[in-house]
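Biologist: Hello! Could you take me through this fold, with its rings, pockets and backbone angles?

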Amino acid sequence: MEIQAEKSPRLLSLDVMRGLIMILLAAESCRLYENMQDITEGYSINVIVQQFFHHPWNGLRFWDLVQPAFMTIAGTAMYISFARKEEKGISWEKNFRHIAIRCFRLLICGVLLHCIYAGKLVWELWNVLSQLSVTILIAYSIIKKPVWIQLAISVMLLLTTEICYRWILIPGYDQPFTTQHNFGNFMDMMMMGKINRDGWVAFNFISTAAHTIWGVLIGKVLISNSFSSTKKMKILVIAGIIGLISGYGLDWAGITPIIKRIATSSFVLASGGWILLITAFLYWIIDIKKKNKLAWIAVVVGMNPIFIYMLFETVGHQWFNGAVAIFVNGFAGLAGMGNAYSNLLSSLVTLGLYWVLCYWLYKKRIFFKL
């Protein structure tokens, strides 16, 4: 079945979702979650705070959904942009040059960020931007294919991951789902000559490309004239439930564990399911029910996603966060506030200042694009 695009107004729910993702990432950069952890240690509420940290290995927490959501929304935005360009007569081939250049810039930004983290020149490909530079290319290469082919290719990517981890057993890297000893670690040694001590692998771009492809499919559904708004929401919900059942089923049956750090097929399916349900919920609330009075709070951040990400990952880490803390902690100390709470306040103030900057850029109609 072909899904035909309609000329429709901008989907506010997608802008909100993108903005929420960036706010969550900015909060992490401001060390908000670490400071919340310090304050809640030993209290029952700490169970909720733990959801803002990656699961150490086999399991799934809320924070494990952020990168997949980032990659999915990139696919959705790419498809909507492509559909509108097609309406203007811009061909796939002509637009490919733009996509390829953008992906190259994403790769460069990802590598540069690792250099900044390390404080020296390094060749590392674990950053989400590096991964995204490949998944976007994969998704764009099949963007005009029928839905069933795109779904089939996404499943093939997951099967490829399963085959590589289970059947390509290199001495020292022959334990499929054990950190530091799996196929992904072997590929890192081949590509970078090193292994990430926290278990992340660059080979994730194969399985997580499914997220970006599914993002394309979400875009096809949301701007189609083949379905009503209610039908679109139902499609997303049903697809999300299928993803959850498949992902958690593989894990609970002991077939493939849910591990974000090596992006197992079960993780991609389960996280994809949650993202589809979140997308459906936001679409229903914001675009169908029109309950969007506060949407602007997230939208102003989502309009400059790569800029704000690069800002808090570079200037933020290197200088801005500490500069704000000097003044906030200083005045908080004078007011008799303890270190833990003054650090939390500093994180909130820093996050607020990032938001103010995004708001100013939005009001001035300044949008940075790669």
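What follows is a chat about a predicted model.

Biologist: How many aromatic pairs does a search of the whole structure find?
Modeller: A pair of aromatic rings is described by the distance of the centres and the angle of the planes. Searching the whole structure for such pairs gives a total of 24.

Biologist: Which kind of pair do F82 and Y140 make?
Modeller: Their ring centres are 5.7 Å apart. The planes meet at 90 degrees, and an angle over 60 counts as edge-to-face. So the pair of F82 and Y140 is edge-to-face.

Biologist: Is Y140 buried or exposed?
Modeller: Buried means under 20% relative accessible area. Y140 has 0%, so Y140 is buried.

Biologist: Which helix holds Y354, the partner of F312?
Modeller: The rings of F312 and Y354 have centres 6.2 Å apart and planes at 65 degrees, so this pair is edge-to-face. F312 sits in helix α13 (residues 305–334), and Y354 is 42 residues away from F312. F312 is buried at 0%, and Y354 counts as buried at 5%. The helix that holds Y354 is α14.

Biologist: Which residues form one aromatic cluster with F312 and Y354?
Modeller: F312 and Y354 pair with each other, edge-to-face. They also belong to one cluster, whose other members are F70, Y309, W319 and F320.

Biologist: What span does α4 reach from its first C-alpha to its last?
Modeller: α4 has 22 residues, and at 1.5 Å a residue the expected span is 32 Å. The model comes close to that expected value, with a reach of 32 Å.

Biologist: Which element gives the most to the lining of the largest pocket?
Modeller: This pocket has a volume of about 1200 Å³. Its lining has 33 residues, with E28, H54, Y117, W200 and E313 nearest the centre. They divide into 15 nonpolar, 9 polar and 9 charged. The element that gives the most, with 4 residues, is α13.

Biologist: And which element gives the most to the lining of the second largest pocket?
Modeller: The second largest pocket has a volume of about 980 Å³. Of its 32 lining residues, R18, A77, S81, R102 and K369 are the closest to the centre. The lining divides into 20 nonpolar, 5 polar and 7 charged residues. With 11 residues, the element that gives the most is α4.

Biologist: Where does A263 lie?
Modeller: Most residues other than glycine have a negative phi. A263 has a positive phi, near 45 degrees. At 1% relative accessibility, A263 counts as buried. A263 lies in the loop between α10 and α11.

Biologist: Is R365 buried or exposed?
Modeller: R365 is found in the segment after α14, and its phi is positive too, near 60 degrees. Its charged end sits over the ring of Y362, 5.6 Å from the centre. Exposed means over 50% relative accessible area. R365 has 55%, so R365 is exposed.

Technical notes
Residues are numbered from 1 along each chain as its sequence is written. This is a predicted model: local features need pLDDT of at least 70, side-chain atom pairs count only at pLDDT 80 or more; totals for chains, interfaces and linings use all residues. Side-chain values use heavy atoms; hydrogens and water are left out. Rings of Phe, Tyr and Trp (its six-membered ring) pair if their centres lie within 6.5 Å; planes under 30 degrees apart count as stacked, over 60 as edge-to-face and the rest as tilted. Buried means under 20% relative accessible area, exposed over 50%, partly exposed in between (1.4 Å probe, protein chains only). Helices (H or I, at least four residues) and strands (E, at least two) are DSSP runs, numbered from the N terminus. A charge sits over a ring if NZ of Lys or CZ of Arg is within 6 Å of the ring centre and within 35 degrees of the ring normal. The expected span of a helix is 1.5 Å times one less than its number of residues. On a 1 Å grid over the protein atoms alone, a cavity is a set of points where a 1.4 Å probe fits but cannot get out, and a pocket is an open set with protein on both sides within 12 Å along at least five of seven lines; lining residues have an atom within 4 Å of a point. Grid points are joined across faces, edges and corners, and a volume is the space filled by probe spheres set on the points. Ala, Val, Leu, Ile, Met, Phe, Trp, Tyr, Cys and Pro count as nonpolar, Asp, Glu, Lys and Arg as charged, and the others, Gly among them, as polar.
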